[in-house]
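Subject: Structure handover and findings

Hello,

The structure we discussed is below, with notes on what was found in it. Please read the notes alongside the coordinates.

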Amino acid sequence: MVEEQHVFTVDWSKPLFFQVGQLGEAYQDWVQQPILSKESPRFFENDFLESLTKISWWVTPLLWLPVWGWSLWRSITLGCTIPQILLMSAIGLFVFSLIEYTLHRILHIKTKTYWGNTMHYILHGWHHKHPMDSVRHVFPPVATAIVLFPIYNLVKLFATPSTTPSLFGGGLLGYIIYDVAHYFLHHGQPTSRIAKNLKKYHLKHHFHILDKGFGITSPFWDDVFGTRPPAKVPATEKKSN
């Protein structure tokens, strides 16, 4: 399958990593035209690199929930009381919700250079181009571990030795909830009113108004920063960015 896009033509029979950058200014229009097939596009020619980009959703809780449990246990062994652990965990969850919103909003920056387009596509653009790709919806464990290490050391600068693990653990729990919830919003069939509303809210961001609705697990920060999409999107505003 070959798709034409202005001057450059994306060849879907070849890995995309070294192609999308060549779209230049046409990249923004291209990446905002979703392909709803569940087929997963190939990013890299190298099989090992390609395998690092794909992960089943259940790996996230299976791998990181034990780390979250360890963080709480570690705070207990260092002398933290249960109320202190609950408070630190709640703060960690709250901070992560802001990080979730902020990063998602930042990743909607417009790019047009070769490496700008390439990095945007790998970090987030692919998700808007292929919103139903089920094997790339959660963050790969290797990348997660690389990110978590400096974050833990950063938390150590603002917390005591005994509260650092539980504060970090609260943020980690927030990440686990986010990753699983995001997968569910795309591929699950919610039955509760809250879950249905969240799914509708997120899909509105994907298919109607891209520059609003950056919260995934909650619209709280969209309300704070004025980026909640309207209940009804006028046709003239659809797919704006």
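The largest nonpolar core has 14 residues, and those with the most contacts inside it are Val10, Leu16, Val20, Leu23, Tyr27, Trp30 and Tyr121. A nonpolar core here is a set of buried Ala, Val, Leu, Ile, Met, Phe, Trp, Tyr and Cys residues joined through side-chain atoms within 4.5 Å; buried means under 20% relative accessible area, exposed over 50%, and partly exposed in between (1.4 Å probe, protein chains only). At least two residues of this core come from each of β2 (8-11), α1 (27-31) and α5, and α1 gives the largest share, 3 residues. Helices (H or I, at least four residues) and strands (E, at least two) are DSSP runs numbered from the N terminus. Apart from this core lies another, of 11 residues, including Leu148, Phe168, Leu172 and Ile176.

On provenance: this is a predicted model, in which local features need pLDDT of at least 70 and side-chain atom pairs count only at pLDDT 80 or more, while totals for chains, interfaces and linings use all residues. Residues are numbered from 1 along each chain as its sequence is written, and side-chain values use heavy atoms, with hydrogens and water left out.

Leu16 touches Val10, Asp11, Pro41, Arg42, Phe43 and Tyr121, leaving aside residues up to four places away in sequence; contact means heavy atoms within 4.5 Å. Phe43 also has the charged end of Arg136 over its ring, 3.6 Å from the centre. Likewise, Lys129 lies over the face of Trp30, 4.5 Å from the ring centre. The criterion is NZ of Lys or CZ of Arg within 6 Å of the ring centre and within 35 degrees of the ring normal.

Aromatic pairs number 17, counting rings of Phe, Tyr and Trp (its six-membered ring) with centres within 6.5 Å; planes under 30 degrees apart are stacked, over 60 edge-to-face and the rest tilted. The rings of Trp57 and Tyr183 are stacked, because their centres are 6.0 Å apart and their planes at 25 degrees. Trp57 lies in the loop between α2 (47-52) and α3 and Tyr183 in helix α7, so the pair ties together parts 126 residues apart in sequence. Tyr183 is buried at 18% relative accessible area, whereas Trp57 is partly exposed at 34%.

Regards
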